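Hi,

Here is the structure I said I would pass on.

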Amino acid sequence: MKPNHEELASQPDTRDQPYSTRVQAVALLGFLAASFLVAGLGGFSTASNVDGWYSTADKAPWSPPNWIFGPVWTLLYTAMAVAAWLVWRKRAAKTRPALAVYGVQLVLNLAWTPVFFGLYPALGTAALWLALAIILALIAAVTVTVIYFGPISRTAGLLLLPYIAWLVFASSLNWWAALNN
């Protein structure tokens, strides 16, 4: 039996209705969990190597002290999650592709740390050059994410700009390390 056109016309478009507060809170927690899962997995590679090979590595003269990285990344991962949540809750036509691009940048973010810190003992300088390629791809992916997020939620796009700035800074540190280690 085919559906009646009047029945189809009377069904509400749920994209126009906001998510309940409970659903939004659970989604925000999910985006935060995904961000901090990426951070935590990256931390496994960092933990043993920051005090290992990296402690004696030739670092860029503009390298900040190691204690700076934790708080900065905590803020950035939180901003990333909130940005994705803001886009998700808008229910715009382009939300899915925007979140797909966001997912790509999360995967690249996850890949960088084990390559830079974890592979150096085995591969040497080649690992640092590979990490540089990954971080440059990550900068491109986050830039595309901003371009996708901005029209859906200006705030979401703006929340990712400090992330891009930090990635550009981090890529300069990576570049120095690749040249000098």
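Predicted model: local features only at pLDDT ≥ 70, side-chain atom pairs only at ≥ 80, totals over all residues.

Below is what I found, going from the whole chain down to single residues.

**The chain as a whole**

If you take the contacts between residues at least 6 apart in sequence, 81% of them join residues at least 24 apart. The accessible surface is about 10100 Å², and carbon and sulfur atoms account for 68% of that. On charges, there are 10 positive and 6 negative ones, and their mean positions lie 3 Å apart.

**Helix α4**

Helix α4 covers residues 95-118, and at 1.5 Å a residue its 24 residues should span 34 Å; the end C-alpha atoms are 34 Å apart, which agrees.

Which residues of α4 are buried? The list is Thr95, Ala98, Val101, Tyr102, Gln105, Leu106, Asn109, Trp112, Thr113, Val115, Phe116 and Phe117. For reading that list, remember that an α-helix has 3.6 residues a turn, so residues three or four places apart point the same way. The cover over the buried residues of α4 includes α2 (21-50), α3 (69-90), α5 (120-123), α6 (125-152) and α8 (161-180).

Start with Asn174, which is found in helix α8. Is Asn174 buried or exposed? Its relative accessibility is 1%, and buried means under 20%, so Asn174 counts as buried. Leaving aside residues up to four places away in sequence, Asn174 touches Trp112, Phe116, Leu128, Ala131, Leu132 and Ile135. Of these, Trp112 and Phe116 are among the buried residues of α4. Asn174 and Ile135 are 39 residues apart in sequence, with 8.5 Å between their C-alpha atoms.

Then go to Ala47, in helix α2. Ala47 has a relative accessible area of 54% and is exposed. In sequence, Ala47 and Phe117 are 70 residues apart, but C-alpha to C-alpha they are 9.0 Å apart in space. Phe117, for its part, is on the buried list of α4.

Cheers

Notes
Residues numbered from 1 in each chain as written. Heavy atoms only, no water. Contact = heavy atoms within 4.5 Å. Areas by Shrake-Rupley, 256 points an atom, 1.4 Å probe, with all protein chains shown as cover. Lys, Arg positive; Asp, Glu negative; His and termini not counted. Charge placed at Lys NZ, Arg CZ, Asp CG, Glu CD. Helix = DSSP H or I, 4+ residues; strand = E, 2+ residues; numbered from the N terminus. Expected span 1.5 Å × (residues − 1). Buried < 20%, exposed > 50% of the residue type's maximum accessible area, 1.4 Å probe, protein only.
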